[in-house]
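Here are my reading notes on the two-chain model you sent over. Have it open beside you while you go through the points.

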Amino acid sequence: MRMGRLLLGLGIAAALASAQQVKWNYEKLAARASETVDVSLSGNMLKLAVKFLSDEDKDQAQVKKLVAGLQGIYVKSFEFKNKGDYSAVDVESLRAPLRTAEWERIVGVHSTEDGEDVEVYIRNAGKGVGGLAIIATEAKELTLVNIVGNIDLETLSELGGQFGIPEVEVEKKK
Amino acid sequence: MNLEDELRTALRRRDPSPDFAARVLARVQAEPVRRASGAWRRWVAAVAACLMLTVGAAGGYRYYEGQRAKAQVMLAMRIAAGKLNKAHKKVQMLNHRSNS
């Protein structure tokens, strides 16, 4: 009986995590890309990764702190041989799943100089942030990031300070 | 017959029949050699070795999976942090331009 409840609970948790994941349809983009980076880490794999992340290494310790409460990390990065291998229509189709009440765009930068655009979305959960999505486009590159789970914005700001890049200042939600 | 006589009769020395030695030898040769205890030990050793190999392989696979997951997490965080940093830099740049 207890085992049944436990399995039911785990099933519901997995279904909820799956529901929170952004359903991007990128098969066509992947087919056109010359190189693809695909990171797909569900809750179980994240838990396993956390066990292997060192507390002594500064970068790893910081990442460990950040991913400990997450339910999934999904990153797709496509590199294209030529400019125009993907279109504005393709990018628009990637924005579509984020045009719901639960998602909010917090940053959207467009640069005509270097052709780099970055859009950052957060998923509003009851208490705090329930997820993060990034759509970043360059002339020959398109990157999608989806982090599922309760993200601490303070830790998120520390994340930018890692790997030798300046820290991102994120205003705390009141 | 009293008890003493009965014991004396029962414990009286008797010579074996002339073919006794031959019968014993024939029976010894006829019976298969029993090495049950040795075979059992070998089976136990084989099962233990299999178990150790299985546990070792499972541990090795888990270690490999853990290292792979760790590398993927670090890569994902690098990419996410990089993109956030780009957005941050651009926001800063725009703020700087609007202020000056």
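**Notes on the model**

1. Read along the sequence, chain B follows the pattern α-α-α, with 3 helices and 0 strands. Helices here are DSSP runs of H or I with at least four residues, strands are E runs of at least two, and both are numbered from the N terminus. A word on the basis of these notes: this is a predicted model, in which local features need pLDDT of at least 70 and side-chain atom pairs count only at pLDDT 80 or more, while totals for chains, interfaces and linings use all residues. Residues are numbered from 1 along each chain as its sequence is written, and chains are lettered from A and ligands numbered from 1 in the order in which they are written.

2. The overall form of chain B deserves a look. Its radius of gyration is 43 Å, whereas a compact globule of 100 residues would have one near 13 Å. That radius is taken over C-alpha atoms, and the globule rule is 2.2 Å times the number of residues to the power 0.38. Along the principal axes, the C-alpha atoms of chain B fill a box of roughly 135 × 35 × 10 Å. Of the 100 residues of chain B, 17% count as buried; buried takes 20 or more other C-beta atoms within 10 Å of the residue's own, exposed 12 or fewer, and partly exposed lies in between, with C-beta atoms placed from the backbone.

3. Chain A brings in strands: it has 6 helices and 6 strands. From the N terminus on, its elements run α-α-β-α-α-β-α-β-β-β-β-α. Of its 174 residues, 28% count as buried. Among the contacts in chain A with a separation of 6 or more, 55% come from residues 24 or more positions apart; a contact means two C-beta atoms, placed from the backbone, within 7 Å.

4. In what order do the strands of the open sheet in chain A lie? The 6 strands follow β1-β2-β6-β5-β4-β3, with antiparallel pairing; two strands pair if DSSP finds at least two bridges between them. β1 and β3 (103-110) of chain A stand at the edges with a single partner strand each, so one side of each has no neighbour in the sheet. Neighbouring strands are turned by 10 degrees against each other on average, direction ignored. α3(A) lies across β1 and β2 of chain A, at about 90 degrees to β1(A). Axes are lines fitted to C-alpha atoms, for helices over the stretch in contact, and angles run from 0 to 180 degrees between N-to-C directions.

5. A:G108 has A:E119 of β4(A) as its bridge partner, and A:V109 has A:V118. This hairpin has 6 residues between the strands, and there A:G115 takes a positive phi near 70 degrees. A:G115 is partly exposed, with 13 other C-beta atoms within 10 Å. Leaving aside neighbours within four places in sequence, A:G115 is in contact with A:E138 and A:A139.

6. A:L98 is partly exposed, with 18 C-beta neighbours inside 10 Å. Beyond four places in sequence, A:L98 is in contact with A:V22, A:W103, A:Y121 and A:A133.

7. The chains meet through 24 residues from chain B and 32 residues from chain A. The chain B side has 12 nonpolar, 6 polar and 6 charged residues. In this count, Ala, Val, Leu, Ile, Met, Phe, Trp, Tyr, Cys and Pro are nonpolar, Asp, Glu, Lys and Arg are charged, and the others, Gly among them, are polar.

8. Which residues touch the most other members of the largest nonpolar core? Of its 38 residues, they are A:I73, A:I134, B:V73, B:A76 and B:A80. Such a core is a set of buried Ala, Val, Leu, Ile, Met, Phe, Trp, Tyr and Cys residues joined through C-beta atoms within 7 Å. The largest share, 10 residues, comes from α3(B). B:A80 touches A:V75, A:I134, A:V145 and A:I147, not counting residues up to four places away in sequence. A second, separate core of 5 residues includes A:L29, A:A33, A:F78 and A:Y86.
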